[in-house]
Amino acid sequence: LARSRSRLAVLKEKLERQYELRRTFSDADENCTFLKDENRRYVFVNRSFAALFGKSASAFTGYGDEVFENKEFAEESEKTDYVVLENAATITGNAEMHGHVYKITKFPVKLDRGRTGIGGYISDITEERAAERKQQKAAQRAGILQQVFMRRYINRREYLDFVLHKALELTQSMYGYIFLYDAKTQELTLNSWTLGVLDSCTVKD
């Protein structure tokens, strides 16, 4: 009996060391990681996950998504949990929090006794999204320049109207206008403008 207890103590100590080792590696990860049981209650969250939501790791252990103060986020998390469990599938989605964009990945995890839990990680993709938008804007700009130079125009007025329209499209602006400058008279002449711009620019008495 004493030998059996000794073996159990050694096994327990070994498991505890393994758990601490996994936690150490997980806490060193800047991405957020978590594990839920079959009832969608948190078994483990790393330090980054807890910091993202302004809580301690222990505040999540044993609780579900009701722990989140953002109810909309909690409801969406609950929906995706069910998708993972019911379809045994990995899913990804995005969420905006604290001015950042995060990619959330969830996947089924086989637990003991035939149970299935939910594992997941959250990564900050704000810079990646910004780079994608920059590339898209550059491609759009190149496309507009091609249209401007390849298109045939009846006169200068049509050319400037088209350029103005495309400039508004590129900058996502509502109003715009183009003035032409006469070097001899040193005067500006309004040549092209969008509907409503003159009313918006009117100075009230």
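Visitor: Does Glu-69, judged by its relative accessibility, count as buried or exposed?

Guide: Glu-69 counts as exposed, because its relative accessibility is 68%, where exposed means over 50% relative accessible area, buried under 20% and partly exposed in between, with a 1.4 Å probe and protein chains only. This is a predicted model, in which local features need pLDDT of at least 70 and side-chain atom pairs count only at pLDDT 80 or more, while totals for chains, interfaces and linings use all residues. Residues are numbered from 1 along each chain as its sequence is written, and side-chain values use heavy atoms, with hydrogens and water left out.

The side chain of Glu-69 meets that of Lys-55 in a salt bridge, at 3.7 Å from N to O (a side-chain nitrogen of Lys or Arg within 4 Å of a carboxyl oxygen of Asp or Glu). Both residues lie in the loop between α2 (47-52) and α3, so the pair ties together parts that are 14 residues apart in sequence. Lys-55, for its part, is partly exposed, with a relative accessible area of 25%.

Lys-55 and Glu-69 are also among the residues that line the second largest pocket, which has a volume of about 160 Å³. (A pocket is an open set of points on a 1 Å grid where a 1.4 Å probe fits, with protein on both sides within 12 Å along at least five of seven lines, and lining residues have an atom within 4 Å of a point.) The rest of this lining consists of Leu-52, Phe-53, Gly-54, Phe-68, Asn-70, Phe-73, Met-97 and His-98.

Two or more residues come from each of β1 (32-36), α3 (71-87), β3 (91-97) and β4 (100-110), with β3 giving the most, 7 residues.

The pair we began with is one of 14 salt bridges in the whole structure. Elsewhere, Lys-36, Arg-40, Asp-65, Asp-81 and Lys-106 are linked in a network of salt bridges, while Glu-132 and Arg-129 pair with their closest N and O atoms 3.7 Å apart.

Definitions and conventions: Helix = DSSP H or I, 4+ residues; strand = E, 2+ residues; numbered from the N terminus. Points joined across faces, edges and corners; volume = space filled by probe spheres on them.
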